[in-house]
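Hello,

Have a look at it first, then read on.

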Amino acid sequence: MSTTRIDGKAVSQKIKDQVKKRVDRLKQEGIVPGLAVVLIGENSASHTYVKNKKKTCEALGMRSDLHQFPDTLTEHELLSTIDELNNDPAIHGILVQLPLPAHIDEFKVILAIDPSKDVDGFHPVSIGNMMIGKEAFLPCTPHGIIKLLEHYGIDPKGKHAVVIGRSNIVGKPVGQLLLQKDATVTYCHSKTEDMESITKQADILIAAIGKAKFIDRSYVKPGAVVIDVGMNRDEDGKLCGDVDFADVEGTASYMTPVPGGVGPMTIAMLMENTVQSAEYGLTKDK
Ligand SMILES: Nc1nc(=O)c2c([nH]1)NC[C@@H]1CN(c3ccc(C(=O)N[C@@H](CCC(=O)O)C(=O)O)cc3)C=[N+]21
């Protein structure tokens, strides 16, 4: 079977072009959408992502403030930084880069972010609204995956979607969004027995495991759509996903590459959430 390579770079560019137009409109009203990114410690992967986010903000004419701290920062200090950002009218979105150092309670930090500025969609209020299908900031990676499927005319309705991974930020919410699109959703995870027999039933397979090249074609039904959320380094230190692309190519109908698949979509959806937050501020004031 010939496999179509899903072009996350191209689709994310289209979304960013639309965001840029919304930014320009806001600027005519005297509003510059502002994203605050809080980065703690020296995790080099985190630094790369944060640089990408900043670069994208600048390209779209948005403001981005980087608040960088050493990993000796206390939880209390972080919470007061978030409090300041919550109260800063020039800031429409707050992103605290995860993972956090072990001495800081991640849940407490997410809970401290004003839900109206929760552009990551990680706050329990955002998650709750998403679960009941109400307006909410949707988590960027899951939302980006839905946009990719939409762009390629892949309708989850009635299809069996299998999600491997159950993290709060990717696995769980992407299954929820697929359910809202009328898919039949199954979750697999590290304790799942005989995982291949389940993933082999998937019309849409989402790999959010965190293990380099874990998924080979023995997990994939011929003709399946395979979405790779992995961001790993292989033996040679090269960026790679959870899917062994070379092995699965030829079996899947559509596949996302790494890089150039889901990653760029995550950033595009973050920009969309931030401009949306700034627009909401505009309608609120009027
Ligand atoms: N509060 C928070 N929000 C996040 O959204 C968040 C986070 N913490 N912590 C880390 C993860 C990871 N993440 C990525 C975003 C874009 C790419 C991305 O653009 N990847 C490029 C390649 C980048 C490269 O070359 O290293 C691609 O796939 O083509 C990757 C990973 C956001 N995360």
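Across which strands does helix H7 lie? Helix H7 (residues 171–180) lies across E5, E6 and E7, and runs at about 165° to E6. The angle is taken from 0 to 180 degrees between N-to-C directions, with axes fitted to C-alpha atoms, for helices over the stretch in contact (C-beta atoms, placed from the backbone, within 7 Å). Helices (H or I, at least four residues) and strands (E, at least two) are DSSP runs, numbered from the N terminus.

Please keep in mind that this is a predicted model: local features need pLDDT of at least 70, side-chain atom pairs count only at pLDDT 80 or more, and totals for chains, interfaces and linings use all residues. Residues are numbered from 1 along each chain as its sequence is written.

**The sheet**

Six strands form an open sheet in the order E1-E11-E8-E7-E5-E6, with parallel pairing (two strands pair if DSSP finds at least two bridges between them). Strand E1 (4–5) and strand E6 (184–188) are at the edges with a single partner strand each, so one side of each has no neighbour in the sheet. Further in, E5 (residues 160–164) pairs with E7 (residues 204–207) over 4 bridges, in the parallel sense. There, Val162 is opposite Leu205 in E7.

**The ligand**

There are 18 residues around the ligand, and Tyr49, Leu98, Pro259, Gly263 and Thr266 come nearest (a residue is near if its C-beta atom, placed from the backbone, lies within 6 Å). Helix H2 (44–59), strand E4 (93–96) and helix H10 (262–285) each give two or more residues to this shell. The largest share, 4 residues, is from H10.

Best wishes

Terms used:
Two residues are in contact if their C-beta atoms, placed from the backbone, lie within 7 Å.
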